4 protein chains.
Amino acid sequence: MQEIRKSAKEKMKGYCRVCPVCNGKACAGEVPGMGGLGTGSAFVANMEALDAMRFNMKLVHNVKEPVTETEFLGLSLSMPLMAAPIGGVSFNMGGGVSEEDYIDAIVSGCKAKGLIGCTGDGVPPVIHEAGYAAIKKAGGHGIGFIKPWEEKEFFEKLEKAEATGASVFGVDIDAAGLVTLAKMGRPVTPMTVDDLSKVIKSTSMKFILKGVMTVHDALCAKEAGADAIVVSNHGGRVLDSTPGTAEVLPEIAEAVGGEMTILVDGGIRSGGDILKMLALGAHGVMIGRPFSIAAVGGLQQGVETYIETLHTQLVQAMVLTGTDNVNRVESGILR
Amino acid sequence: MQEIRKSAKEKMKGYCRVCPVCNGKACAGEVPGMGGLGTGSAFVANMEALDAMRFNMKLVHNVKEPVTETEFLGLSLSMPLMAAPIGGVSFNMGGGVSEEDYIDAIVSGCKAKGLIGCTGDGVPPVIHEAGYAAIKKAGGHGIGFIKPWEEKEFFEKLEKAEATGASVFGVDIDAAGLVTLAKMGRPVTPMTVDDLSKVIKSTSMKFILKGVMTVHDALCAKEAGADAIVVSNHGGRVLDSTPGTAEVLPEIAEAVGGEMTILVDGGIRSGGDILKMLALGAHGVMIGRPFSIAAVGGLQQGVETYIETLHTQLVQAMVLTGTDNVNRVESGILR
Amino acid sequence: MQEIRKSAKEKMKGYCRVCPVCNGKACAGEVPGMGGLGTGSAFVANMEALDAMRFNMKLVHNVKEPVTETEFLGLSLSMPLMAAPIGGVSFNMGGGVSEEDYIDAIVSGCKAKGLIGCTGDGVPPVIHEAGYAAIKKAGGHGIGFIKPWEEKEFFEKLEKAEATGASVFGVDIDAAGLVTLAKMGRPVTPMTVDDLSKVIKSTSMKFILKGVMTVHDALCAKEAGADAIVVSNHGGRVLDSTPGTAEVLPEIAEAVGGEMTILVDGGIRSGGDILKMLALGAHGVMIGRPFSIAAVGGLQQGVETYIETLHTQLVQAMVLTGTDNVNRVESGILR
Amino acid sequence: MQEIRKSAKEKMKGYCRVCPVCNGKACAGEVPGMGGLGTGSAFVANMEALDAMRFNMKLVHNVKEPVTETEFLGLSLSMPLMAAPIGGVSFNMGGGVSEEDYIDAIVSGCKAKGLIGCTGDGVPPVIHEAGYAAIKKAGGHGIGFIKPWEEKEFFEKLEKAEATGASVFGVDIDAAGLVTLAKMGRPVTPMTVDDLSKVIKSTSMKFILKGVMTVHDALCAKEAGADAIVVSNHGGRVLDSTPGTAEVLPEIAEAVGGEMTILVDGGIRSGGDILKMLALGAHGVMIGRPFSIAAVGGLQQGVETYIETLHTQLVQAMVLTGTDNVNRVESGILR
């Protein structure tokens with residue numbers, strides 16, 4: 001990882017400092033870039049909410065080789081983990097690699113390690129086009145995210161997503177406030193339950209709604225028929241002053257966790273963080289910025305190495321808390 | 001904004017650092033200057049009280065074009081926002097622009113954008129004279145604030161304020177502790193309910209009492225017949241160790257918000273901060289230092305650009321919390 | 001004050017940084033020197049406990065010229081304030097002035113401004129000798145503090161204290177843990193109620209017990225017949241990890257405040273801090289390090305200037321909280 | 001101590017900064033090295049949990065020469081203190097001294113001062129061999145710790161431990177997550193109650209289980225027949241995000257303190273810290289990193305000097321809290 005990070009630091013100069021701890025402080029306000037919006041407080045809140053969760057270390061038990069495999073959304077995964085949808089390599093990461101090479105590294109690297117990568121969307125067509133190409137190349141093993149554009153653009157992109165062979169797609173509804181898009185004159189908007197229903201009914205793919213931070217929106221997603229939600233504040237890039245996702249996750253999981261797949265992102269950096277989110281009620285997690293750093297710094301190899309690191313850390317955290325299976329994580333492992 | 005801030009940074013050198021986040025830390029104790037008094041804790045408390053309020057991000061709804069217009073004190077405003085009364089360009093901001101140019105930029109810039117600017121008062125006559133001239137030039141569209149001087153000076157200034165054609169004026173009673181004034185040998189003092197009544201009855205203009213930090217003073221203002229109060233600790237410049245205004249606002253709004261117009265200032269920097277104050281019970285807000293920076297850095301154009309930025313941010317925060325109208329902000333948008 | 005502080009900074013180089021805010025952080029662990037013991041946490045705790053107290057700013061009232069004069073221990077004071085007993089100029093402050101000049105500046109400066117200065121004690125005889133000489137020169141207007149030495153030394157020093165013409169003396173019992181003394185091989189020890197009674201009965205002078213941090217010790221002091229106690233952790237110089245004095249003051253004042261004079265020191269830097277301590281139940285306060293800086297930096301003139309600054313600040317804080325008399329401070333002025 | 005620390009700073013360059021306050025911040029993530037794992041939060045948590053405990057300073061009493069001697073596990077100790085088992089001088093501390101010299105300094109230094117030193121274990125045989133040699137040289141006055149290896153290696157090492165003449169040994173079960181070992185391909189694993197019972201029954205030596213952070217594991221240790229537990233998170237080196245030991249100690253002591261010897265380590269730096277842990281329910285404490293610094297910096301003399309410092313500080317803290325005996329520490333000395 002040291003070499004990958006060193007390479008990323010050079011390639012992302014001026015866009016990401018590749019800090020020892022990626023916590024949103026140095027890059028506060030850098031949108032475009034890798035930072036959180038405004039004071040950066042929503043990015044920082046993600047870290048702080050996770051840091052506030054602490055493990056009850058437990059060693060007298062017989063868990064030596066815990067199970068990390070899981071299934072949801074019809075997918076079999078080696079860990080309850082996806083690479084979050086991030087695009088815009090040129091304006092957010094400095095363009096040290098091309099959009100195509102970047103997203104292929106994410107999608108192929110995840111696939112090679114038994115995971116699945118998500119692809120992003122944005123104003124320049126290259127973002128979703130490169131993403132769809134990568135998914136198609138991976139035999140449909142990827143999840144394309146579409147922003148909440150106006151109808152025409154939205155459904156055109158949805159059609160293209162279906163053509164990749166993918167079985168799942170998503171909408172990052174939290175992008176409705178993305179400054180970078182507003183500045184480029186391409187409106188994205190909130191959606192009603194009816195809007196969501198219409199989207200869901202129009203396709204046979206499974207649907208993920210990303211950007212849920214309240215029980216209200218989670219219940220709306222369920223009512224509309226979504227298969228999964230991602231508890232997310234868009235990495236703190238759309239609204240300053242939100243709580244951290246780890247803080248709101250438990251109440252959302254309690255409200256709809258029995259009936260939908262609950263994913264979460266925001267500040268997850270290590271295998272221990274993954275385990276915390278599972279203990280708080282998630283079925284799986286997404287990781288964003290660290291995957292970007294791994295992909296820019298080492299392409300597919302970087303992505304795979306980062307996944308290996310996460311796997312080692314996850315297993316270790318499971319052993320040290322006496323957790324034998326990611327599908328049966330007790331909330332009591334957190335103090 | 002970048003250019004305006006850069007220009008302000010040069011012109012205010014030695015008086016204001018134009019920090020990335022204007023939070024009262026670097027300038028602690030710089031009175032005169034732009035800082036908070038003593039340890040600067042009251043300025044910092046304003047920021048921290050606002051930062052402690054966090055939004056419930058909500059995206060499943062149909063709010064796409066929220067209403068930001070409002071009316072109070074007989075004024076129609078494009079946003080619930082005023083420029084706070086600040087004067088003393090020479091000794092507080094370095095004198096890079098003249099008092100006249102400064103206050104005209106504030107008053108004219110606000111008017112051009114459908115807002116209203118307040119003008120300050122102080123020992124050198126140029127402060128209130130420049131303010132009144134700017135209001136007169138704007139056809140009375142401005143609010144002159146008078147400090148709580150002894151009777152003769154006070155009523156002379158009030159008479160001049162009436163002559164500007166303005167329909168509203170105010171007293172910043174919190175100035176009773178202003179070090180800069182005490183040092184110049186011009187006493188300003190607290191006022192009783194009777195003192196306030198006398199002032200209010202002496203004129204047909206509407207009256208704003210600025211500097212209310214307790215329910216006690218708010219009830220006194222109501223008893224005296226004030227039309228509005230401003231919850232304010234004078235930007236932390238008169239008494240070290242006060243709470244932040246966002247902390248005391250809810251109890252004051254609950255006590256008198258149904259019967260008087262409640263304004264608030266203190267640490268408001270962005271459109272999101274405006275929305276927070278409305279959710280806490282204010283009808284409108286005042287912003288101080290950032291307007292000064294905008295005016296020194298870019299005169300009327302600077303003021304207008306800053307207002308545009310605030311408007312964009314306010315709309316965005318409203319969309320992302322599902323708030324359709326600034327006159328109907330639910331307290332539940334805050335977590 | 002700027003010049004006095006600048007001069008002190010030069011004279012105290014290597015011993016005190018004369019920081020903008022004197023908060024115990026830069027000098028943590030510097031004993032001898034001006035710091036707190038160990039991690040410095042007890043010094044810092046004094047500051048933080050005071051900082052946590054915040055004022056309810058109040059301006060609608062008729063308090064324009066509040067009364068700051070008070071009486072206790074048979075003394076008439078222009079403010080409820082004493083200079084705390086500090087000695088050892090050579091090893092704690094760098095020896096930029098002599099012990100004699102230092103303590104004379106404290107005692108004479110306080111007297112000139114209607115206050116009273118305390119003098120310290122220590123291993124080198126020059127400390128108490130210089131102190132007693134200063135008190136004698138001031139016609140007995142000073143308070144000598146004696147450390148809890150073994151009997152012979154203690155009573156010899158008490159006899160000398162009586163000979164100064166003073167009417168009050170004290171024991172800083174908290175010195176029982178003073179590292180600097182232990183290292184010089186001169187034991188100081190805790191005292192029982194009987195030990196204290198014996199001391200009190202042996203003289204006609206009034207007696208102050210300094211170093212009370214618990215209701216237990218306060219009740220013991222009362223039982224022994226002490227006239228006053230000083231709530232003090234010895235500036236954080238004897239035991240790491242104590243609470244701040246402002247935190248324990250209210251419970252001690254409630255237990256014995258009706259029957260003894262309650263003084264307090266620890267982190268008091270401004271007139272506002274004095275007012276806070278009065279609101280928390282003290283009859284008067286002691287200030288230590290800032291008086292040392294003023295005395296080293298400007299001798300008697302420095303001490304007087306600092307007292308004037310404190311008086312201005314105290315009056316201002318009283319006006320801004322509607323407090324008309326230091327002898328009738330309401331706890332409700334604190335939020 | 002100054003010289004010893006200076007020497008250690010040179011010898012440990014690149015491995016330990018010998019910071020003024022050893023708090024885990026500068027070395028966060030340095031494993032191997034002296035830091036905490038990952039973000040270093042578990043190391044830092046140890047410090048913060050101790051810092052949060054504050055003393056009720058008490059001086060009116062007759063405790064002048066408090067008793068620090070104690071007995072447990074059949075050992076008579078001059079203080080309730082042991083040197084924690086630490087090994088791997090070459091890869092953790094820079095190899096400025098040899099493993100043999102290092103551990104001999106620990107064991108001999110402790111013995112000379114009436115304490116007992118523990119020895120570590122690890123992949124390179126030199127670690128446990130040097131430790132056992134030191135214990136043998138000290139006539140069995142030392143405690144060897146064995147990691148939870150697979151059976152063959154474990155029982156071979158246990159046999160060797162018995163041959164040293166020691167009467168007590170331990171297992172640091174928390175090492176089951178030690179990254180440094182996993183990377184060297186030598187698995188260490190959690191143990192069940194049965195595993196522990198088997199170990200305990202196989203020897204006549206008394207048994208200490210180190211690495212207990214929950215009541216669950218403490219009850220398991222009791223059930224298995226352990227003589228003592230060490231509340232420990234392995235210095236924050238095995239699992240990021242655990243609570244500090246001082247935080248979990250009280251509940252563990254309450255559950256099993258009447259029936260087993262409770263030891264604790266984690267962030268203990270001074271005599272005051274020792275007293276805090278006793279007040280929280282421990283019978284004795286272990287100190288790790290500071291002993292390493294003392295041993296590397298000054299060998300046996302360094303260890304002895306550090307012990308003397310701790311003794312002075314412990315006595316002082318006992319006097320200043322009115323504690324007459326380490327075997328009767330009241331929880332009420334903490335606020």
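A salt bridge joins Glu247(A) to Arg335(B), with 3.1 Å between the closest N and O atoms. The model in which this pair occurs is a predicted one. Between chain B and chain A the count of salt bridges is 3, and 9 residue pairs, both members at pLDDT 80 or more, are in polar contact. Helix H12 of chain B (residues 289-321) provides the largest share of the side of chain B that touches chain A, namely 5 residues. Sorted by class, this side of chain B consists of 9 nonpolar, 5 polar and 5 charged residues.

The size of an interface is often expressed as the accessible area that is lost when the parts come together. For chain B and chain A, the buried area is about 2000 Å², and carbon and sulfur atoms give 64% of this area. The contact involves 19 residues of chain B and 31 residues of chain A. Of the area that chain B buries against chain A, 36% is supplied by Met57(B), Val60(B) and Arg335(B), more than by any other three residues. Arg335(B) is also the partner of Glu247(A) in the salt bridge described above.

The contact between chain A and chain D was examined in turn. Here 19 residues come from chain A and 31 residues from chain D. The area buried between these two chains is about 2000 Å², with 64% given by carbon and sulfur atoms. Chain A and chain D have 3 salt bridges between them. In one of these, the side chains of Arg335(A) and Glu247(D) meet at 3.1 Å, N to O. Polar contacts between chain A and chain D number 9 residue pairs, both residues at pLDDT 80 or more. On the side of chain A that touches chain D, the largest share, 5 residues, belongs to helix H12 (residues 289-321) of chain A. The classes on that side of chain A are 9 nonpolar, 5 polar and 5 charged residues.

Within chain B, Ile127(B) lies in helix H5, which spans residues 125-137. Ile127(B) counts as buried because its relative accessibility is 4%, and the cut-off for a buried residue is under 20%. Beyond its neighbours within four places in sequence, Ile127(B) is in contact with Gly87(B), Gly88(B), Phe91(B), Glu99(B), Gly120(B), Asp121(B) and Gly122(B). For one of these contacts, Gly88(B), the separation from Ile127(B) is 39 residues in sequence, while the C-alpha to C-alpha distance is 6.3 Å.

Conventions:
Residues are numbered from 1 along each chain as its sequence is written. Chains are lettered from A and ligands numbered from 1 in the order in which they are written. This is a predicted model: local features need pLDDT of at least 70, side-chain atom pairs count only at pLDDT 80 or more; totals for chains, interfaces and linings use all residues. Side-chain values use heavy atoms; hydrogens and water are left out. Contact means heavy atoms within 4.5 Å. Buried area is the accessible area (1.4 Å probe) that two parts lose on being put together, summed over both. A salt bridge is a side-chain nitrogen of Lys or Arg within 4 Å of a carboxyl oxygen of Asp or Glu. A polar contact is a pair of N or O atoms within 3.5 Å; within protein, one must be able to donate a hydrogen and the other to accept it, and residues adjacent in sequence count only if both atoms are side-chain atoms. Helices (H or I, at least four residues) and strands (E, at least two) are DSSP runs, numbered from the N terminus. Ala, Val, Leu, Ile, Met, Phe, Trp, Tyr, Cys and Pro count as nonpolar, Asp, Glu, Lys and Arg as charged, and the others, Gly among them, as polar. Buried means under 20% relative accessible area, exposed over 50%, partly exposed in between (1.4 Å probe, protein chains only).
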